[in-house]
Amino acid sequence: MIIILKPDIDPSGPEVKRILDTLHYYQGVVTRLSGVTGTERKVVEIYVIGDTSGIPDEEIQNLPGVEKVVRVSKKYRLIGRHREDMESLGFIYNGLHFDQNAFYIFAGLCAVDTPEHVEMMFAALKEAGIYTSRMGAYKPRTNPYSFQGHGRKCLPWVFELAGKYGIKCIAMEVTRESHIEEIFEELERAGRPTGVMLQIGTRNAQNFELLKAVGSQKEFPVLYKRGMGITIEESLNACEYIASEGNRNIIYCLRGVKTNLGEPHRNLVDFAHVPVIKSLTRLPVCIDPTHSVGRRNTAPDGIQEIFHAAAQGVIAGANMVLVEFHPRPEVALCDGPQALKLEELPHFIEDMHIVREAYLQRKDLAHRYAFQSLAPKAANVL
Ligand code: PEP
Ligand code: MN
C-alpha cells in the first residue's frame, strides 16, 4: 500500500504522525516515509509494507493530509506505476532534474583513454551547451586481453577536467562493489567538481550482489541497462532489487537485445519499449543507440543509422540518450567502430532536438484528442 500525501504536508508534522499511528495500530505493518520529486511538485509518500489486508482504505483516505491511497500490485512494488494517475518517480541530482518528462543527452567516450581526448570531449560538450557525459573507467570486456579500462587511476584527472568544463554528471559503469567506494573517494578528494551516475552494464544486469550494492547507497543515482538477453520483467525485477535496498534514484536504459535477427546491427533495437517501461514503472527511461546499432553507417538519406535509432527512442518519449563519441575513433581503445566523431556532435544534438520537439507536439496532440473525445460524454451527462 502506498499513501500519497497532499502537497506541502510537513513529513514531521501532526497529520503524518496521526497517519503513522493509525497504520501502526495494525499488527505486522512496517512504514517507510519517502520524498519523491514529481514532475510538478515534491510528493511525500508513505510505503506500508507487510500484511496490509486488514487496513480499510477508506479509514486512511479520510485522515487529514491524505491525498490518495494506492493498493500496489505484487509486481515491482517500489518502482511500479500501479495506477495510471501515479506521478512519475523523479529525482534531482547535482542540480539536474530527472523524471519521465526530462530530456538529457549523455555523450562521451566509451572508455577513458588519454587526458587529451577526455578534454576534447568535454570542451566540445561545453561548446554545444551540454553538461552531461559518459566516461568508462572500468570496462567489462568479452576478451580478457582487451583493454580493461584505466580504473581508479584516471578518476582524479577525469573529475578535474569535468569540473573545468562545467560537466554536472558523468555516467560511469561499475563492475564491482569496490568501484563505488573508489568513485566516492576520488570525487571527495577532487572537491566534488562533478557528479557521477553509476551505470550497471548489460552484462551485470542480473548480478544481484552488485545491484544490492548500488541500491544500498544513496549518494549516486543508478543507470540500469537492460540485460541483452533478458525479458522486460526480469530486468524490472533487477531494478526492484536496487530500489528495495533503499535507492530509488534509478533510470532504466534500453540498449538493444542480442539476436542474429538484429544483423547487421550489433543488437536488435528495442526502443518501442520506451512507452512500455513508462507505463509499467515510474522511472525515467534512457536509450543507448550506440550499443544497439554498433556501427557508423550512413543511410542513403544522409542520416547515420545511430541517429535514426536514437530518433526512434526520442520520438517515443525517451528521457535520456546515452551515446558514444570519440575525437579519433580509429585509435579508441574500446568500441571505436561505433563512436560518432566529435565534429558530428552539433549535428547529433540538433537532430535530437528536432525529434524531441516532434515528441512534445505528439504528446500535445494526444491530449487534445483525448480531451475532444471526453467532451461529448460530458455534454451527455449534463
Ligand atoms: C557501455 O555503455 O560502455 C557498455 C559497455 O554498454 P553495455 O553494457 O550496454 O554493453
Ligand atoms: Mn561502449
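This text goes through a predicted model of a protein chain with a ligand, from the overall fold to single residues.

The protein chain contains 11 helices and 15 strands. Its radius of gyration is 22 Å, close to the 21 Å given by the globule rule for 382 residues, so the chain is as compact as a globular protein of that length. The C-alpha trace spans about 65 × 55 × 40 Å along its principal axes. Of the 382 residues, 52% are buried. Among contacts with a separation of 6 or more, 71% are between residues 24 or more positions apart. The chain has an accessible surface of about 17300 Å², and carbon and sulfur atoms account for 53% of this area.

The next part concerns the ligand. Around ligand 1 are Cys110, Arg134, Lys139, Glu173, Gln199, Gly201, Thr202, Arg203, Lys225, Arg255, His291 and Glu324. By class, this shell consists of one nonpolar, four polar and seven charged residues. Several side chains in the shell place polar atoms by oxygen atoms of the ligand. For Lys139, an N or O atom of the side chain is 2.9 Å from an oxygen atom of ligand 1. Gln199 has a polar side-chain atom 2.9 Å from a ligand oxygen atom, and for Arg255 the corresponding distance is 2.7 Å. Ligand 1 taken alone exposes 290 Å², of which the protein buries 97%.

Thr142 belongs to the loop between strand E8 (132–135) and helix H4 (155–164). With a relative accessible area of 74%, Thr142 is above the 50% cut-off and therefore counts as exposed. Its C-alpha atom is separated by 9.6 Å from that of Arg203, a residue 61 positions away along the chain. Arg203 is also one of the residues surrounding ligand 1.

Thr22 is located in helix H1, which covers residues 14–24. The relative accessible area of Thr22 is 14%, so this residue is buried. Setting aside neighbours within four places in sequence, the contacts of Thr22 are Glu59, Ile60 and Leu63.

Arg282 is found in the loop between helix H8 (274–280) and strand E13 (285–287). Is this arginine, Arg282, buried or exposed? Arg282 is buried, at a relative accessible area of 1%. Beyond the residues up to four places away in sequence, Arg282 touches Ile2, Glu45, Tyr47, Ile79, Gly80, Arg81, Met86, Glu87, Ser88, Leu89 and Gln100. With one of these, Glu45, the side chain of Arg282 makes a side-chain polar contact at 3.1 Å. The C-alpha atoms of Arg282 and Ile251 are 9.7 Å apart, and the two residues are 31 positions apart in sequence.

Most residues other than glycine have a negative phi, and most peptide bonds are trans. Glu263 and Pro264 are joined by a cis peptide bond, with omega about 10 degrees. Pro264 sits in the loop between strand E12 (250–254) and H8. Tyr76, a residue other than glycine, has a positive phi near 45 degrees. The loop that holds Tyr76 runs between strand E4 (66–70) and strand E5 (91–93), and Tyr76 counts as buried at 6% relative accessibility. Asp335 also has a positive phi, near 55 degrees. Asp335 is placed in the loop between strand E14 (320–326) and strand E15 (340–341). Its relative accessible area is 17%, so Asp335 is buried.

Note on methods
Residues are numbered from 1 along each chain as its sequence is written. Chains are lettered from A and ligands numbered from 1 in the order in which they are written. This is a predicted model: local features need pLDDT of at least 70, side-chain atom pairs count only at pLDDT 80 or more; totals for chains, interfaces and linings use all residues. Side-chain values use heavy atoms; hydrogens and water are left out. A residue is near a molecule or strand if one of its heavy atoms lies within 4 Å of it. A polar contact is a pair of N or O atoms within 3.5 Å; within protein, one must be able to donate a hydrogen and the other to accept it, and residues adjacent in sequence count only if both atoms are side-chain atoms. Accessible areas come from the Shrake-Rupley method with a 1.4 Å probe; for residues, only the protein chains shown count as cover. Ala, Val, Leu, Ile, Met, Phe, Trp, Tyr, Cys and Pro count as nonpolar, Asp, Glu, Lys and Arg as charged, and the others, Gly among them, as polar. Helices (H or I, at least four residues) and strands (E, at least two) are DSSP runs, numbered from the N terminus. The radius of gyration is taken over C-alpha atoms; the globule rule is 2.2 Å times the number of residues to the power 0.38. Buried means under 20% relative accessible area, exposed over 50%, partly exposed in between (1.4 Å probe, protein chains only). Contact means heavy atoms within 4.5 Å.
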